[in-house]
Amino acid sequence: MNVNRFQNALQRIDAANAKDPNKVVIDDAIVAKELLYSDRMLNRLMDFAPDASEAIQIAAKGQHICRWEIARNSYPMDRVGYLKWREALKKFHASKTTSILEEVGYESSFIERVCFLIEKKLLKKDAETQLLEDVICLVFLEYYLEEFILKHDTEKLKNIIIKTWNKMSEKGQQTALTLSFSTSSLQLIKEALDL
């Protein structure tokens with residue numbers, strides 16, 4: 001690993017995400033939403049898979065890079081629109097990350113691998129794609145489920161939890177059960193999964 005090139009790539013991803021106009025307050029500090037998300041992704045990845053490759057570490061950081069630039073409401077507000085938005089985002093995030101990796105001197109085969117992971121190709125078949133999906137699901141459950149509970153009805157929430165659960169590997173599922181949940185979130189998860 002070329003440490004300087006790797007660190008430079010992460011710093012540039014952070015700089016891009018720091019421009020997010022959407023802010024959140026964490027420990028009395030105001031933080032750009034996608035910068036916080038990318039930090040949570042990398043931290044969870046390194047907890048979950050300490051030997052994670054350079055490519056997947058960068059993919060974790062670049063997972064939502066500049067997401068605010070393609071608003072959800074720029075697509076129809078239905079299931080088809082949602083899926084099209086998600087597909088557009090994958091390509092957008094891969095493209096943004098590609099530009100950064102090219103700027104700092106990564107070779108094309110490495111960049112292609114990072115894009116492969118960001119676009120979540122061969123889920124359930126490629127070990128690193130599955131690893132990234134596990135981390136995405138764990139970060140969602142740990143940090144963002146509570147937000148969803150405030151916005152959606154119980155049946156929709158159970159459906160979201162089941163879909164999230166089914167995307168994870170067995171190791172991911174086992175790790176999810178060790179996360180700290182509020183009493184209401186834990187109850188909802190148990191009901192959704194018949195635990």
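A charge sits over a ring if NZ of Lys or CZ of Arg is within 6 Å of the ring centre and within 35 degrees of the ring normal. Keep that in mind for the first stop. The model on your screen is predicted.

**Stop 1: charges over rings**

Select R5 and Y106. R5 lies over the face of Y106, 4.1 Å from the ring centre. Now select K171 and F48. Here the charged end of K171 sits over the ring of F48, at 4.3 Å from its centre.

**Stop 2: aromatic pairs**

How many aromatic pairs does a search of the whole structure find? It finds five. A pair of aromatic rings is described by the distance of the centres and the angle of the planes.

Show Y82 and W85. They form a tilted pair, with 5.9 Å centre to centre and 45° between the planes. Both belong to helix α4, three residues apart, so about one helical turn separates them. Which of the two is buried? Y82 has 27% relative accessibility, so it counts as partly exposed. W85 has 11%, so it counts as buried. The cut-off for buried is under 20%.

Y106 is buried, at 6% relative accessibility. F110 is buried as well, at 12%.

Then select Y37, Y143 and Y144. These three form one aromatic cluster.

**Stop 3: the largest pocket**

Which helices each supply at least two residues of the lining? Colour α2, α4, α6 and α7 to see them.

**Stop 4: a glycine in α4**

Stay on helix α4 and pick G81. Is G81 buried or exposed? Its relative accessible area is 1%, so G81 is buried. Now look for its partners beyond the neighbours within four places in sequence. Here G81 is in contact with R72, Y75 and P76.

**Stop 5: helix α3**

Select residues 54-62, which make up helix α3. How many of its nine residues are buried? Nine of the nine are, so α3 is largely enclosed by the rest of the structure. Click along the helix: E54, A55, I56, Q57, I58, A59, A60, K61 and G62 are buried.

**Stop 6: helix α9**

Finish with residues 183-193, helix α9. Here the buried residues are S185, L188, I189, A192 and L193. Look down the axis of α9. Its buried residues fall within an arc of 115°, so they line one face of the helix. What does that face meet? The buried residues of α9 pack against α6 (127-151) and α7 (154-167). Last, step just past the end of α9 to D194. This residue takes a positive phi of about 55°.

Conventions. Residues are numbered from 1 along each chain as its sequence is written. This is a predicted model: local features need pLDDT of at least 70, side-chain atom pairs count only at pLDDT 80 or more; totals for chains, interfaces and linings use all residues. Side-chain values use heavy atoms; hydrogens and water are left out. Buried means under 20% relative accessible area, exposed over 50%, partly exposed in between (1.4 Å probe, protein chains only). Helices (H or I, at least four residues) and strands (E, at least two) are DSSP runs, numbered from the N terminus. The arc is that of the directions from the helix axis to the C-beta atoms. Contact means heavy atoms within 4.5 Å. Rings of Phe, Tyr and Trp (its six-membered ring) pair if their centres lie within 6.5 Å; planes under 30 degrees apart count as stacked, over 60 as edge-to-face and the rest as tilted.
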